[in-house]
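Reader: I would like to go through the labels used for this model and see what each one rests on. Please set the values against the cut-offs.

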Amino acid sequence: MDRLASLRTQKRAYVYGVVEQVNGEWIFFDDEDEAHELTSLPEEVELFRFGQWVKGWLGEDGDIYVTERYTLKNGDRLRYIKPLSHAYEQWLSQLPDHAFFHFIHLINEWNFSVYDCLYCYNYMLFAEKGVNFLMFDNALDMCNVQHYFDDKQHRFELTLQTGKKVIGVQLDH
């Protein structure tokens with residue numbers, strides 16, 4: 001599985017909602033009933049049609065381009081990938097594949113998703129050796145991740161608010 005595919009299959013990877021036309025404007029209401037102008041959504045969205053999610057691109061005036069142009073209707077369901085913070089996205093992209101998939105496995109084992117990250121301090125942007133700090137919240141638990149890195153290994157220490165801890169090490173090849 002490639003990195004992008006593994007990210008898209010993560011729990012809580014998407015923002016779901018429905019669209020409604022209000023006063024001539026298309027509004028996206030997410031699952032938490034927050035209203036967003038359609039123009040504030042990412043260009044790439046997915047439309048639920050015929051029992052499946054179909055990839056499309058938002059156009060002007062309530063159009064979505066899937067295999068053809070589709071005009072939105074009140075109540076249509078849309079979803080889009082949650083954005084990741086810049087530092088966190090950079091951190092994920094800097095991890096070698098073996099460390100990336102090991103990290104995903106570790107947090108998934110504790111019922112966290114890549115998309116549960118609240119905070120990321122990416123020291124790898126500045127140095128070849130050090131520690132990165134990440135904080136995750138899955139609405140049930142909080143998890144602090146310390147990622148120790150150098151030219152030989154990537155070590156992840158995950159600690160829950162209860163004190164439960166796991167350490168995983170990936171040696172660079």
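Reader: Why is Leu118 called exposed?

Author: In this predicted model, Leu118 has a relative accessible area of 56%. The cut-off for exposed is over 50%, so Leu118 is exposed. Leu118 lies in strand β9.

Reader: What makes Leu118 part of a nonpolar patch?

Author: Patch residues need over 30% relative accessible area, and the 56% of Leu118 is given above. Nonpolar side chains are joined within 5 Å. Leu118 forms the patch with Tyr119, Tyr121, Tyr123, Leu125, Phe126 and Phe133. Together these residues have about 720 Å² of accessible area. The largest share of the patch, three residues, comes from β9.

Reader: Why is Cys120 called buried?

Author: Cys120 has a relative accessible area of 9%. Buried means under 20%, so Cys120 is buried.

Reader: How do you know how many disulfides the structure holds?

Author: A disulfide needs two cysteine sulfur atoms within 2.5 Å, and the count for the structure is zero. For Cys120, the nearest cysteine sulfur is that of Cys117, 5.5 Å away.

Reader: Is Cys143 buried or exposed, and what decides it?

Author: The relative accessible area of Cys143 is 0%. Under 20% counts as buried, so Cys143 is buried.

Reader: Where is Asn122, and what makes it buried?

Author: Asn122 sits in the loop between β9 (117-121) and β10 (130-137). Its relative accessible area is 3%, and the limit for buried is under 20%, so Asn122 is buried.

Reader: What does the side chain of Asn122 reach, and why is that called a polar contact?

Author: The side chain of Asn122 reaches the backbone nitrogen of Met124 at 3.0 Å. A polar contact is a pair of N or O atoms within 3.5 Å, one able to donate a hydrogen and the other to accept it. The 3.0 Å distance falls within that limit, so the pair qualifies.

Reader: Which residues does Asn122 contact, leaving aside its neighbours within four places in sequence?

Author: They are Ala87, Gln90, Trp91, Gln94 and Asn132.

Reader: How much of the whole protein is buried?

Author: Buried residues make up 40% of the 173 residues. The protein exposes about 10,200 Å², with 50% of that supplied by carbon and sulfur atoms. It has three helices and 13 strands.

Conventions. Residues are numbered from 1 along each chain as its sequence is written. This is a predicted model: local features need pLDDT of at least 70, side-chain atom pairs count only at pLDDT 80 or more; totals for chains, interfaces and linings use all residues. Side-chain values use heavy atoms; hydrogens and water are left out. Helices (H or I, at least four residues) and strands (E, at least two) are DSSP runs, numbered from the N terminus. Buried means under 20% relative accessible area, exposed over 50%, partly exposed in between (1.4 Å probe, protein chains only). Contact means heavy atoms within 4.5 Å. Patches are made of residues with over 30% relative accessible area and no salt bridge: like charges are joined within 9 Å, nonpolar side chains (Val, Leu, Ile, Met, Phe, Trp, Tyr) within 5 Å. Accessible areas come from the Shrake-Rupley method with a 1.4 Å probe; for residues, only the protein chains shown count as cover. A salt bridge is a side-chain nitrogen of Lys or Arg within 4 Å of a carboxyl oxygen of Asp or Glu.
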